[in-house]
Amino acid sequence: MVWDLIVVGAGPAGAATALGALAAAPKLSVLLLDRHDFPRDKACGDGIAPHVFDLLSAVGVTGLVDDWTPVRRFVLTHGPVGVDRLMARPNWVVPRAVFDQRLVQAAQAAGAQLVRRRVRNLDVTADSVTVDDLHARYLVGADGAHSLVRRALGLPPAAAALAIRGYAPTPAARAASQVIAYGGGRQPSYAWSFDRGDGWSNVGYGERLVAGRPHPTRTDLLAQLEALLPGATTDGGDWWGHHLPLAGWSYRPRPGRVLLAGDAAGLINPMTGEGIYYAIATGLLAGRAIAEGHDAGSRYRQLTHRLLARHFRHTALTARLTESRHVLDAGIRAAAADQRTFDDLVELGLADGLITGRLLRGLLARAAPG
Ligand SMILES: Cc1cc2nc3c(=O)[nH]c(=O)nc-3n(C[C@H](O)[C@H](O)[C@H](O)COP(=O)(O)OP(=O)(O)OC[C@H]3O[C@@H](n4cnc5c(N)ncnc54)[C@H](O)[C@@H]3O)c2cc1C
């Protein structure tokens, strides 16, 4: 049998690929392959932006996290500088063991077949793709940060950050909030505490890796977390570290029968480490491009360019600028001074926002040292 579409990886990007394809062409044969059974855990801060649910509702998937408590308070600090405000729209903090399973079930309900299999080989010809002993017209690599499909295409790894997460009881002071505390190292480097709303928080620490410098160990990462959010590691458990492939200045998918989505494409926001939105967005677009039939690679490139090209230029620029403590502090002060500037910053960090004139003016007004 030749499948219309095989998707390697059934995380958010893979499930969204199946959903995007089947929403556009319900009769397509879609095979989702994952090396794990679901539910499966994934190292993550579990923060899910509301934009994710906007995208999913457009393909008929609603109510996925209705039984979880949304969070609106967002606290951002860098030493003595800080902002504490309500976000314009609530975020969710839902363990990936829950969210990813529900998403993959939605893909199955739409008609995708899920099979547990660790993919090891890939062969691409002009007319088809062979995945181990399976054949398809199109393949989407949604196999995460250490993507085998990306390597098989000969693409270099994306720039990366390394982060560790755990679960700890939520202290009263950090309840009903998403807290981010920037550290003193090379930015972006920050600790987080995201309240799940069920008495537990996802806590962690991550930093950008620097070529030529030793990478932080698990002990280093946990020490940074404890230093920035005292007490966060005391009763914590389930620690799990993982790489985050960061988006660069531009995203130019290659034409062809093999498309990449989510972390496999190297699409994590370099300012914030958020990746679920991009995984869902690019997965849906990859599926849609394939369902449309003709020259899916070029169509995917066009669709992703429209949605993300300017955004990634702006996040790359912001990530670069906020390597300076002065700029980082100026950004936090500008967000503290004005709700709409804060809202702009949240959009830039969590979804597809841009550096607005307001954000720029706020930054410049507060950028002067002293
Ligand atoms: C510590 C940490 C904290 C983070 N916090 C946040 C956050 O709060 N919010 C946010 O939006 N993002 C966060 N991210 C990023 C987010 O986790 C990723 O961007 C997101 O998981 C990407 O989804 P994906 O579907 O592309 O990849 P994944 O979720 O990694 O899914 C890939 C799937 O592919 C499967 N797979 C891999 N190789 C194979 C193979 N050879 N054969 C078959 N299957 C295979 C895996 O089993 C997995 O199920 C964080 C990341 C880390 C590491």
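A residue counts as buried under 20% relative accessible area, as exposed over 50%, and as partly exposed in between. The model is predicted. Aspartate 84, with a relative accessible area of 44%, is therefore partly exposed.

The side chain of aspartate 84 meets that of arginine 73 in a salt bridge, with 2.7 Å from N to O. Arginine 73 belongs to strand β4 (residues 71–78) and aspartate 84 to strand β5 (residues 81–93), so the bridge ties together parts 11 residues apart in sequence. Arginine 73 is likewise partly exposed, at 29%.

Aspartate 4 is buried, with a relative accessible area of 17%, while arginine 137 is partly exposed at 30%.

Aspartate 37 and arginine 116 also form a salt bridge through their side chains, at 3.0 Å from N to O. Aspartate 37 is in the loop between β2 and β3 (47–48) and arginine 116 in strand β6, so parts 79 residues apart in sequence are tied together. Here aspartate 37 is partly exposed at 47%, and arginine 116 counts as exposed at 53%.

Which side chain of opposite charge is nearest to aspartate 263? It is lysine 42, at 4.8 Å. Aspartate 263 lies in the loop between β15 (258–260) and α6 (276–292). Leaving aside residues up to four places away in sequence, it touches Gly144, Ala145, Pro245 and Ile268.

Aspartate 263 is also among the closest of the 36 residues that surround the ligand, together with Ala13, Asp34, Gly45 and Gly47. Elements that each supply at least two residues of this shell include α1 (12–24), β12 (189–195) and β14 (237–245). A polar backbone atom of glycine 45 lies 2.6 Å from a nitrogen atom of the ligand. For arginine 35, a backbone N or O atom is 3.1 Å from a ligand nitrogen, and for glycine 273 a polar backbone atom is 3.3 Å from one. On its own the ligand has 1000 Å² of accessible area, of which the protein covers 95%.

Notes:
Residues numbered from 1 in each chain as written. Predicted model: local features only at pLDDT ≥ 70, side-chain atom pairs only at ≥ 80, totals over all residues. Heavy atoms only, no water. Helix = DSSP H or I, 4+ residues; strand = E, 2+ residues; numbered from the N terminus. Buried < 20%, exposed > 50% of the residue type's maximum accessible area, 1.4 Å probe, protein only. Lys, Arg positive; Asp, Glu negative; His and termini not counted. Salt bridge = Lys/Arg side-chain N within 4 Å of Asp/Glu carboxyl O. Contact = heavy atoms within 4.5 Å. Near = heavy atom within 4 Å. Polar contact = N/O pair within 3.5 Å; in protein donor to acceptor, adjacent residues only side chain to side chain. Areas by Shrake-Rupley, 256 points an atom, 1.4 Å probe, with all protein chains shown as cover.
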